[in-house]
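Subject: Structure handover and notes

Hello,

The structure we spoke about is below. My notes on it follow.

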Amino acid sequence: MGTPETSREPCPDRILDDVGGAFGMGAVGGSAFHFIKGVYNSPSGTRFVGGTQAVRMNAPRVGGSFAVWGGLFSAFDCSMVYLRQKEDPWNSIIAGAATGGFLSMRQGFASSSRAAVFGGVLLALIEGAGIMLNKVMSAQQSMPIMVEEPVPTMPVNESPSTSGSESSGSWLGGWFGGGGKKQESASPKTEILESFDAPPVPNFEYK
């Protein structure tokens, strides 16, 4: 899995990609917000109509504002990639601060500075969250799979209790004659039946 910087589009296409994504996100989010607000502020009986009118009036404006922010952010990000010749989270943090300061430039230096600090902190939090999520996902993928090996079991014939009973049986077999029976049971022999005369087969030939 790549980092958030390497998984994005290359720099010339990144601007258009971010503009379109930001506009879609702003339009969808603004539609939901303004529809609920329009339904709440409209009189009873015309709530649905009021919600749709609020969406038509405000959703494109919100989507356009998001698109402007996304385009400026991508332009500053690509500029930092070109100047620093590397992709890292600092490009996004500096681009966020520059975007916030540039959009608030008409309101004065103090307001522009506050917006720049806010944009930098916001992008730093977003980049930090992305890096932490990347580390967690990579750690989960690299975890070894534990396979439990079966515990070897001792055969019944080689167990200590069986060997002890066999040794005691062989020791007592000399006195009571029990050893021969255990040996016969331990090593079975194949017995062959004696042959016997078969009965005569009848002959049905015509003489």
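Is arginine 14 buried or exposed? Arginine 14 counts as buried, because its relative accessibility is 2%; buried means under 20% relative accessible area, exposed over 50%, and partly exposed in between (1.4 Å probe, protein chains only).

Before the rest, two notes on the source. This is a predicted model, in which local features need pLDDT of at least 70 and side-chain atom pairs count only at pLDDT 80 or more, while totals for chains, interfaces and linings use all residues. Residues are numbered from 1 along each chain as its sequence is written, and side-chain values use heavy atoms, with hydrogens and water left out.

Salt bridges

The structure holds three salt bridges, a salt bridge being a side-chain nitrogen of Lys or Arg within 4 Å of a carboxyl oxygen of Asp or Glu. As background, side chains of opposite charge can pair when their charged atoms come close.

Arginine 14 bridges to aspartate 77, with the closest N and O atoms 3.1 Å apart. That pair links distant parts of the chain, since arginine 14 is in helix α1 and aspartate 77 is in helix α2, 63 residues apart. Helices here are DSSP runs (H or I, at least four residues), numbered from the N terminus. Both arginine 14 and aspartate 77 are buried.

Glutamate 87 also forms a salt bridge with arginine 14, and here the closest N and O atoms are 3.0 Å apart. This pair again joins distant parts of the chain: glutamate 87 sits in the loop between α2 and α3, and arginine 14 in helix α1, 73 residues apart. Glutamate 87 is partly exposed, because its relative accessibility is 34%.

Arginine 84 pairs with aspartate 88, with 2.6 Å between the closest N and O atoms. Arginine 84 has a relative accessible area of 28% and so is partly exposed, whereas aspartate 88, at 13%, counts as buried.

Aromatic pairs

Rings of Phe, Tyr and Trp (its six-membered ring) pair if their centres lie within 6.5 Å; planes under 30 degrees apart count as stacked, over 60 as edge-to-face and the rest as tilted. By this rule there are three aromatic pairs. One of them is phenylalanine 35 with phenylalanine 48: the ring centres are 6.0 Å apart and the planes stand at 80°, so the pair is edge-to-face. Phenylalanine 35 belongs to helix α1 (residues 11–41) and phenylalanine 48 to helix α2, 13 residues apart, and the pair links distant parts of the chain. Phenylalanine 35 is partly exposed at 28%, while phenylalanine 48 is exposed at 59%.

Tryptophan 69 and phenylalanine 73 form a stacked pair, because their ring centres are 5.4 Å apart and their planes are at 10°. Both lie in helix α2, four residues apart, which is about one turn of the helix. Tryptophan 69 is partly exposed, with a relative accessible area of 32%, but phenylalanine 73 is buried at 9%.

Nonpolar surface patch

Which residues form a nonpolar patch on the surface? They are Val68, Trp69, Phe102, Leu103 and Met105, which together have about 470 Å² of accessible area. Patches are made of residues with over 30% relative accessible area and no salt bridge; like charges are joined within 9 Å, and nonpolar side chains (Val, Leu, Ile, Met, Phe, Trp, Tyr) within 5 Å. Accessible areas come from the Shrake-Rupley method with a 1.4 Å probe, and for residues only the protein chains shown count as cover. Helices α2 (47–84) and α3 (89–103) each supply at least two of the patch residues. Phenylalanine 102, in helix α3, is partly exposed at 43%.

Other sites

Asparagine 58 is in helix α2 and is buried, with a relative accessible area of 17%. Its side chain makes a polar contact of 3.0 Å with that of arginine 61 (a pair of N or O atoms within 3.5 Å; within protein, one must be able to donate a hydrogen and the other to accept it, and residues adjacent in sequence count only if both atoms are side-chain atoms).

Glutamine 85 lies in the loop between α2 and α3. Its phi is positive, about 60°, although glutamine 85 is not a glycine. At 61% relative accessibility, this residue is exposed.

Regards
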